[in-house]
Amino acid sequence: MSDAQRTIELEIDGRKTQVPEGATLLQACQALSIDVPTFCWAANLTPVNVCRICVVELEGARTLVPACSRKAEAGMVVKTESERVKLSRKLVLELLGSSVDMSLAPEFRSLATKYDAHPERFGPRAPRAPSGERESAHAGHHHVDDGAHAANVAQPMKVDNDLFVRDYEKCMLCYKCVEACGTDAQNTFAIAIAGRGFDARIATELETPLPDSACVFCGNCVGVCPTGALMFKAESDLRDTGAWDESKQKVTDTICPYCGVGCQLSMRVQDNKIVRVTSPADHSVTAGHLCIKGRFGWSFVEGGKPK
Amino acid sequence: MLWGSNARETHPIFFHHVLKAVRKGARLYVVDPRRTPSAEWAEGWLQVEVGADVALANGIAHVILAEGLEHREFIDHATENFAAYRELVQRYDLARTSRLTCIAQEMIQRVARDFAKAERAMICWTLGITEHHNAVDNVLSLINLGLLTGHVGRWGSGLNPLRGQNNVQGGGDSGALPHKLPGFQDVEDDAIRARYDALWGRKVPPKKGWHLTEMFEAMEHGQLTALLVLGENPAQSEADATRCRRLLEGLEFLLVQDIFRTRTAEMADVVLPGSASFCEAEGTVTNSERRVQRVRRSIEPPGNAKDDIEILRALSKRLGYDLGLPNAEAAWDELRLLSPMHHGMSYARIEALGGIQWPCPDEAHPGSPFLHGRLWERPVRGARAGFHPAEDVPPVEQLDDEFPLRLTTGRRLDSYNTGVQSGGYASPRRAKETIDLSPADMRALGLADGERVRVVSRRGAVEAPARADRGLKQGLVFMTLHFPEQVDVNLLTIDATDPRSGTAEFKAAAVRVEKL
């Protein structure tokens with residue numbers, strides 16, 4: 001039998017609270033229903049604390065600390081909405097919003113309003129890079145920009161298979177896909193961050209198309225992507241034609257029709273067509289992750305013919 | 001230990017849990033004749049000779065006993081027939097076991113020691129154990145290892161057959177077995193049957209029925225002349241497909257209820273279009289950990305397709321018994337009434353708890369994460385667990401000069417069984433069917449990668465492209481059953497079956513490969 005878990009007392013926004021030893025500041029805030037924004041954090045992934053939107057002010061610390069990964073300690077005094085925190089979040093939102101298409105990140109717009117962020121003040125967007133240019137960029141080999149445009153990561157969408165697309169102008173480099181493909185879930189390691197600085201990007205080995213890479217098409221990267229950069233082909237096609245309509249969609253939970261593991265599927269359906277399949281991050285079997293059959297292998301109910 | 005399981009490809013999300021454990025320091029051993037993607041994650045891969053699993057289990061037990069690593073207290077307390085088992089495994093010394101299994105003596109010792117000494121250890125298996133003519137002996141040999149070391153009936157220790165289909169567990173649980181009523185209650189027990197008779201107002205037949213293999217034998221002898229096939233494609237999934245199709249064709253009446261126009265449906269007199277149970281119907285399925293979970297209708301079935309319960313109700317009515325108008329929940333509640341192990345699992349509780357593991361005898365019971373804990377109670381509650389000594393018996397079909405290669409079959413990651421479900425989606429990884437050979441056999445036969453060859457067994461022949469797989473040793477070849485329209489692999493497989501389970505020996509046929 002394990003010892004009773006020890007608790008730690010700390011103060012957040014003037015409120016005393018107790019959390020189990022090992023809890024993060026984010027968990028402590030959640031327990032108090034204090035809203036801390038996150039992009040790169042997910043309940044089913046190890047925090048990598050790269051996006052910095054969750055920073056909070058910790059009394060006595062020189063820098064702001066990421067709530068998602070900083071463990072609570074006894075006696076901490078934390079402020080989640082201090083002027084310093086607000087300014088930092090505004091900066092993060094402006095840098096992200098000017099360089100990345102955040103239009104499908106669900107909370108981005110409301111956060112930008114809340115923190116008075118104006119990404120457009122960096123100027124109009126620079127034109128989209130031609131296909132392949134960002135992949136061939138080298139650190140230190142850039143010409144100085146004219147300063148009239150906001151530098152950004154825009155490039156054409158990568159469509160190299162029929163299951164999901166990669167639209168990296170929406171990629172904020174949150175690492176979630178890399179973590180889900182790696183040690184946090186799938187352990188396939190088909191993708192990683194390549195390049196340095198502003199050239200950093202998610203890449204397959206030697207930039208090969210996904211079907212030639214190590215990818216096993218579990219779609220767990222799609223499942224955790226917070227910005228819509230990775231998207232089901234079915235959803236992408238509907239959005240392209242303007243037919244994507246969330247008001248006509250319903251999500252129903254059921255169990256995968258394949259092996260005996262019993263993965264829960266959340267089936268998003270529009271007009272009696274399945275448009276997206278995910279799994280709840282808190283399901284004890286899946287922790288939110290699926291395999292290629294569960295996530296994509298359902299077209300047989302829509303008359304998909306064996307090839 | 002994963003024994004005869006390639007979970008990395010066949011149970012990928014279960015394997016996520018395995019990988020989490022491996023990353024925390026758990027030791028993984030994989031027993032498989034092929035170097036599978038699962039074996040690549042193991043600290044020890046035991047490249048067992050096809051069909052030598054009993055020998056390996058007995059050999060591991062020999063080491064455990066020779067080194068005094070058995071759980072003496074558990075054996076004395078909770079088991080019986082140990083003396084006979086000890087006597088049997090004495091004959092499986094390291095040299096003999098190594099010879100029978102083609103596994104190095106040091107590896108057998110390592111596995112034996114690690115398994116016996118582990119605080120918690122588990123053996124998980126799949127069809128590599130059960131698709132053999134001595135399937136039941138294979139399973140009993142693994143159970144013997146669990147009893148020998150006390151790795152049963154405790155949290156984190158145990159024996160776990162990984163179920164291959166989303167409700168194969170639930171099917172058996174709810175009485176889709178020829179000798180059982182719902183909840184594994186014996187159909188030949190008068191007192192149990194009386195409860196069903198009373199509720200249904202009809203007599204349940206007092207004798208057990210036939211399992212699938214016996215049904216085909218009965219067709220052979222003209223004792224079975226009409227068949228209802230519900231969501232199964234035996235014309236392609238059965239071993240020795242030629243015989244199977246001949247017997248189906250010989251039926252007086254074949255009724256198929258399915259969502260696909262399968263090869264079997266094409267042979268039918270009448271086809272009733274059913275619904276996809278996971279997304280066009282309401283109900284429950286039971287997974288490998290005995291967790292009953294809800295399936296829910298998320299799309300409407302196409303055209304005239306009907307809910308399976310509705311079809312069965314209409315059929316029953318024509319046969320003279322009115323089931324009323326049951327929906328899925330009402331049918332489930334009737335099962336709960338008759339099956340004590342399901343009694344506490346109302347739909348409301350299943351929803352609230354996100355699934356419940358049986359046995360769950362009443363509505364206050366939280367469900368059972370593991371079984372057989374009774375063996376650790378003092379005194380043991382119920383019967384002691386028996387050792388079942390089993391001897392090594394090689395596959396029915398021996399290799400000879402005419403058929404010198406061992407064909408074994410299995411699944412690949414993105415496909416499933418005969419492909420009726422998995423064949424339609426646009427998997428970028430789907431490869432055409434191949435016959436995989438060791439590089440040495442490719443050279444010996446003078447084959448280039450992708451070259452079409454003829455594969456011949458005593459029962460039939462198919463053509464397929466050859467592919468080199470370094471995960472195979474010389475003499476072993478591999479095919480899947482996923483693409484019967486391209487390559488009808490079950491023309492080759494042998495329907496030698498285990499007399500007790502009725503499972504065919506899909507894992508071991510003898511073939512030769514001919515250059516075209």
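This is a predicted model: local features need pLDDT of at least 70, side-chain atom pairs count only at pLDDT 80 or more; totals for chains, interfaces and linings use all residues.
# Chatting through a two-chain model

User: OK, zooming out. What's the secondary structure count for chain B?

Analyst: Chain B comes to 19 helices and 21 strands. Its radius of gyration is 24 Å, close to the 24 Å that the globule rule gives for 516 residues, so chain B is as compact as a globular protein of that length.

User: What box do its C-alpha atoms fill?

Analyst: Roughly 65 × 65 × 45 Å, taken along the principal axes.

User: What percentage of chain B is buried?

Analyst: Buried residues are 46% of the 516 in chain B. On contacts, take those in chain B between residues at least 6 apart in sequence: 68% of them join residues at least 24 apart.

User: Let's do strands. What does β5 of chain B pair with?

Analyst: One partner is β1 (residues 2-3) of chain B, which runs parallel to β5 (residues 122-125) of chain B, with 2 bridges joining them. Within that pair, B:W3 sits opposite B:W125. β5(B) also pairs with β6 (residues 158-161) of chain B, again in the parallel sense, over 4 bridges. There, B:I123 has B:L159 in β6(B) as its bridge partner.

User: Switching to a helix. Which residues of α14 in chain B are buried?

Analyst: In α14 (residues 241-249) of chain B, they are B:A241, B:C244, B:L247 and B:L248. Looking down the axis of α14(B), these buried residues fall within an arc of 130°, so they line one face of the helix.

User: What's exposed on the other side of α14(B)?

Analyst: B:R246 and B:E249 are exposed there.

User: And what covers the buried residues of α14(B)?

Analyst: The cover includes α12 (212-220), α13 (234-237), β10 (253-258) and α15 (263-266), which belong to chain B.

User: Why does B:L375 count as buried?

Analyst: Because B:L375 has 21 C-beta neighbours inside 10 Å, and the cut-off for buried is 20 or more.

User: What is B:L375 in contact with?

Analyst: Setting aside neighbours within four places in sequence, B:L375 is in contact with B:A78, B:V152, B:G153, B:V380 and B:A385. Take B:G153: B:L375 is 222 residues from it in sequence, but C-alpha to C-alpha they are 6.7 Å apart in space.

User: Now B:W45. Is B:W45 buried or exposed?

Analyst: B:W45 is buried, with 21 other C-beta atoms within 10 Å. Its place is in strand β3 (residues 44-46) of chain B.

User: What does B:W45 touch?

Analyst: Not counting residues up to four places away in sequence, B:W45 touches B:V30, B:R35 and B:A39. As for B:L28, 17 residues from B:W45 along the chain, their C-alpha atoms are separated by 8.8 Å.

User: Over to chain A. How is chain A divided into domains?

Analyst: Chain A has domain 1 (1-125) and domain 2 (164-302). Their centres, taken over C-alpha atoms, are separated by 25 Å. The contact between the two takes 16 residues from domain 1 of chain A and 19 residues from domain 2 of chain A. By class, the domain 1 side of that contact has 13 nonpolar, 2 polar and 1 charged residues.

User: Last one, the sheet in chain A. What's the strand order?

Analyst: It is an open sheet of 5 strands, β2-β1-β5-β3-β4 (chain A), with mixed pairing. At the edges stand β2 (15-20) and β4 (65-66) of chain A, each with a single partner strand, so one side of each is left without a neighbour in the sheet.

User: How does β3 of chain A run against β4(A)?

Analyst: Antiparallel, with 2 bridges joining β3 (residues 55-58) of chain A to β4(A). The bridge partner of A:V55 in β4(A) is A:P66.

Notes:
Residues are numbered from 1 along each chain as its sequence is written. Chains are lettered from A and ligands numbered from 1 in the order in which they are written. Two strands pair if DSSP finds at least two bridges between them. A residue is buried if 20 or more other C-beta atoms lie within 10 Å of its own, exposed if 12 or fewer, and partly exposed in between; C-beta atoms are placed from the backbone. The arc is that of the directions from the helix axis to the C-beta atoms. Two residues are in contact if their C-beta atoms, placed from the backbone, lie within 7 Å. Domain bounds come from an automatic or database domain assignment. Ala, Val, Leu, Ile, Met, Phe, Trp, Tyr, Cys and Pro count as nonpolar, Asp, Glu, Lys and Arg as charged, and the others, Gly among them, as polar. The radius of gyration is taken over C-alpha atoms; the globule rule is 2.2 Å times the number of residues to the power 0.38.
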